[in-house]
Amino acid sequence: MDRISAEQLPEVIALATRAPSIHNTQPWRFAAADGVIDVYADRGRKLPVVDPTGRQLLISCGGAVCYARLGVRAAGYAVRVELLPTPADPDHLARLTVGDPLSTTDDERALLAAIPHRHTNRLPFEDREVPTALIAELEHRASLEGAWLRLIEQSSDQMTTVVLLSHADEAQRLDPAYREELESWLRFDAGAADGVPATAVPHVGEGAERRSAFVLRDFDLRGEGALPIHGQQVERPVVVLLGTDSDGPADWLRAGQALVHVLLRATVDGVAASPLNQVLDIPALRTQLRGQLHVMGFPQMLLRMGYGREATATSRRPVDEVTIDR
Ligand SMILES: Cc1cc2nc3c(=O)[nH]c(=O)nc-3n(C[C@H](O)[C@H](O)[C@H](O)COP(=O)(O)O)c2cc1C
């Protein structure tokens, strides 16, 4: 029988590493052989201050699982994904088992083609509506992965989100441990293989005009953000909440798969996004957001979406650094 070759497995892993991750920590490891790809958490890359439970670490790894799944489909094989396949080992996050040859669909091809163009985009977005049909499609994509996506539509809900997000952002700015941790993941060297580079960070500066009521995480701690912002428009982004019905490790992995599926589908239509997760980092504010927006499940990612100039790619660690023997 035709089987995936040993040479194709590193290509799948290379693709998986293109997934987004919190602070570009890339908190994953892979083991691949004989048509099986295992995904493991790399807890040494956890962010103890902003993510003590590892929720966002698992969302990040869920994204890598979805990218790996697409990688196997790109190679022309069916794939089965099992989450948390070893109950005794909570770091064994997923097992992908490659199946029989199966042609890639047009939709999968479109998502795969979007991967090199999907970047977290912190630039101001254009004053242009994201079509409601696309939002409906993104809701559908999230549901395919066992998550949900909700547009923050009503002005009272938007106001609630703006206020809680601002409180979270302020609390974090005033927290030396938060700032120290964030600073340790900022990169000013073009050769760095992880972390958030200055080229992905808008320069905030003294007295900078507030472009949006939805405040972005301020990575520009040193005032060396190098992402040039043109134009002075005040943006009105579309803001969506991605969540799950329950709130455990499997849900976080599903949220990560949903996140990247949604981001890639949006990229296909030229729509970019960046997370506004400060409000979800702080448990009390996450609970408040959930209550005040009357959310039945658990918020996992808050995203702003819109049209704008394509952002640049961030670095990834090479495949051999993230590959382990099983
Ligand atoms: C779980 C998770 C949380 C994130 N939170 C934020 C955030 O609050 N603010 C932000 O600007 N980017 C956030 N990001 C985006 C990462 O910084 C980004 O994915 C990483 O730097 C790699 O860049 P790329 O997405 O352009 O490939 C988050 C990503 C993930 C997966």
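**Notebook: cores and the domain contact**

I looked up the largest nonpolar core first: 75 residues, with Val-39, Cys-61, Ala-68 and Leu-242 having the most contacts inside it. A nonpolar core here is a set of buried Ala, Val, Leu, Ile, Met, Phe, Trp, Tyr and Cys residues joined through C-beta atoms within 7 Å. Buried is 20 or more other C-beta atoms within 10 Å of a residue's own, with C-beta atoms placed from the backbone (exposed is 12 or fewer, partly exposed in between). I noted that helix α2 (residues 55-74) gives the largest share of this core, eleven residues. Helices (H or I, at least four residues) and strands (E, at least two) are DSSP runs, numbered from the N terminus. Domain 1 (8-118) and domain 2 (132-306) both give residues to this core, so it lies between them. The domain bounds come from an automatic or database assignment.

This is a predicted model: local features need pLDDT of at least 70 and side-chain atom pairs 80 or more, while totals for chains, interfaces and linings use all residues. Numbering runs from 1 along each chain as its sequence is written.

Next I checked Cys-61. Leaving out residues up to four places away in sequence, Cys-61 touches Pro-27, Trp-28, Val-39, Ala-41, Leu-93, Leu-253 and Gly-256. Contact means C-beta atoms, placed from the backbone, within 7 Å.

Then I went to the domain contact. I found 30 residues of domain 1 in contact with 26 of domain 2. On the domain 1 side, α2, β4 (92-101) and α3 (106-114) each supply at least two residues, and α2 gives the most, with ten.

Key: Two residues are in contact if their C-beta atoms, placed from the backbone, lie within 7 Å.
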